[in-house]
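Let's walk through this fold together, from its overall architecture down to a few individual residues. Please keep the view open as you read.

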Amino acid sequence: QAIEAMKLHALDVFPNECCGFFYGKDGEIRDITLAQTVTNVKDGDQRRRFQIDPIDYMKAEKFAVETGLDLLGIYHSHPLHPAIPSEHDRVVAMPWFSYIILSVNEQEIQAVRSWQLNSERKFEEETILTLK
């Protein structure tokens with residue numbers, strides 16, 4: 001359900017980039033149970049960049065504590081581009097978060113991929129398993 005919510009958000013704000021947080025339980029496998037949308041506050045061209053307000057980060061951390069969930073990461077969309085992190089994505093990334101990127105066009109989600117920084121600050125792809 002969380003991935004489906006991310007997909008709907010990406011389609012809804014196309015051609016701009018969407019962004020949000022996702023929560024669940026962290027362990028050997030990160031179990032994502034909830035996605036939470038936030039407003040892309042980037043000044044200028046939101047079709048190529050997103051920015052999350054620091055107050056939204058604080059709210060996300062507070063929400064995680066209040067609900068007993070782990071704040072696992074951030075998702076965002078790449079309109080008309082592959083679901084591969086950009087150099088900008090890498091520079092601003094935090095090593096403990098997962099980063100889900102959705103490749104989207106005007107009609108559909110083309111790919112959903114997850115990434116995490118390694119010890120050399122390079123992205124490594126994570127496997128996404130979905131339950132049906």
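Predicted model: local features only at pLDDT ≥ 70, side-chain atom pairs only at ≥ 80, totals over all residues.

Contact here means heavy atoms within 4.5 Å, while helices (H or I, at least four residues) and strands (E, at least two) are DSSP runs, numbered from the N terminus. Axes are lines fitted to C-alpha atoms, for helices over the stretch in contact, and angles run from 0 to 180 degrees between N-to-C directions. With that in hand, look at helix α1 (residues 2-13): this helix lies across β1 (19-25), β2, β3, β4 and β5 (109-117), at about 25° to β2.

Residues are numbered from 1 along each chain as its sequence is written, and side-chain values use heavy atoms, with hydrogens and water left out.

Now for the sheet itself. Two strands pair if DSSP finds at least two bridges between them. On that basis, six strands make an open sheet of mixed pairing, in the order β2-β1-β3-β4-β5-β6. Because β2 (31-38) and β6 (123-126) each have a single partner strand, they stand at the edges, and one side of each is left without a neighbour in the sheet. From one strand to the next, the twist averages 30°.

Follow the pairing along part of that order. Strands β3 (residues 70-79) and β4 (residues 98-104) are parallel, over seven bridges, and Tyr-75 has Ile-100 of β4 as its bridge partner. β4 and β5 pair in the antiparallel sense over six bridges, with Leu-102 opposite Val-112 in β5; these two strands form a hairpin with four residues between them. β5 and β6 are also antiparallel, over four bridges, and here Leu-117 is bridged to Phe-123 in β6. In their hairpin, which has five residues between the strands, Arg-121 takes a positive phi near 60°. Arg-121 is partly exposed, with a relative accessible area of 32% (buried means under 20%, exposed over 50%, partly exposed in between, with a 1.4 Å probe and protein chains only).

What about the interior? A nonpolar core is a set of buried Ala, Val, Leu, Ile, Met, Phe, Trp, Tyr and Cys residues joined through side-chain atoms within 4.5 Å. The largest one has 18 residues, of which Phe-21, Tyr-23, Ile-52, Leu-71, Ile-74, Tyr-99 and Phe-123 touch the most other members. At least two residues come from each of β1, α2, β3, β4 and β5, and the largest share, three residues, is from β1. Another core lies apart from it, with 14 residues, including Phe-22, Ile-100, Leu-102 and Val-104.

Finally, turn to the loops. Between α1 and β1 sits Pro-15, joined to Phe-14 by a cis peptide bond with omega about 15°. (A salt bridge is a side-chain nitrogen of Lys or Arg within 4 Å of a carboxyl oxygen of Asp or Glu; Lys and Arg count as positive and Asp and Glu as negative, with His and the chain ends not counted.) In the loop between β3 and α3 (87-92) is Leu-80, a non-glycine residue with a positive phi of about 60°. Leu-80 counts as exposed, at 53% relative accessibility.
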